Amino acid sequence: MANDRTLHIKIDSETELTLKRLSEIRRKSRGQLVRDAISACYQTASAELPLRQSQALAAYQGGFISIGKLAREMGMHVLQLRSWLEEHGIPQRNVYGDEDAARA
């Protein structure tokens, strides 16, 4: 884990107590609970998507649905989805390619 980084955050007393109780119940460290929460919130792995969204993403990657239809399934605006796809390293299908630009 040479790429681990440390992040210092401030939380209120109530949140700290809640995290402490939850860590005891789940037998996980508070740090792991926070890491899990960040992963869930920002969907850092596309494999963690709900089934319907995962199927829509696969259909988009296979060329079966448009980016607009994918955006609806993901519950995002198309521009938000384009950013999300880029963040997750998923290639975007565009109407034109590099060879089209060369012919213009």
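**A guided reading of the predicted model**

The side chain of glutamine 53 reaches the backbone oxygen of glutamate 73 at 3.5 Å, a polar contact in the sense of a pair of N or O atoms within 3.5 Å; within protein, one must be able to donate a hydrogen and the other to accept it, and residues adjacent in sequence count only if both atoms are side-chain atoms. Glutamine 53 belongs to helix H3 (residues 51-61); helices are DSSP runs (H or I, at least four residues), numbered from the N terminus. With a relative accessible area of 15%, glutamine 53 is buried, where buried means under 20%, exposed over 50% and partly exposed in between (1.4 Å probe, protein chains only).

This is a predicted model, in which local features need pLDDT of at least 70 and side-chain atom pairs count only at pLDDT 80 or more, while totals for chains, interfaces and linings use all residues. Residues are numbered from 1 along each chain as its sequence is written, and side-chain values use heavy atoms, with hydrogens and water left out.

The predictor's confidence in each residue, pLDDT, runs from 0 to 100. The protein averages 83, and 81% of the residues score at least 70. Confidence is highest in helix H4 (residues 67-74), at a mean of 93, and lowest in helix H6 (residues 98-103), at 66. Where pLDDT is low, the predicted coordinates should not be read in detail.

Helix H1 comes next. Its 14 residues (13-26) reach 20 Å from the first C-alpha to the last, close to the expected 20 Å, a span defined as 1.5 Å times one less than the number of residues. Arginine 27 follows H1 and lies in the loop between H1 and H2. Most residues other than glycine have a negative phi. Arginine 27, although not a glycine, has a positive phi of about 55°. This residue counts as exposed, at 78% relative accessibility.

The largest pocket holds about 480 Å³ of space. Of its 13 lining residues, the closest to the centre are Leu7, Ile9, Gly31, Val34 and Arg35. H1 and helix H2 (30-42) are the elements that give two or more residues to this lining, and H2 supplies the largest share, five residues.

Notes:
1 Å grid on protein atoms, 1.4 Å probe; cavity = no way out; pocket = protein on both sides within 12 Å on 5 of 7 lines; lining within 4 Å. Points joined across faces, edges and corners; volume = space filled by probe spheres on them.
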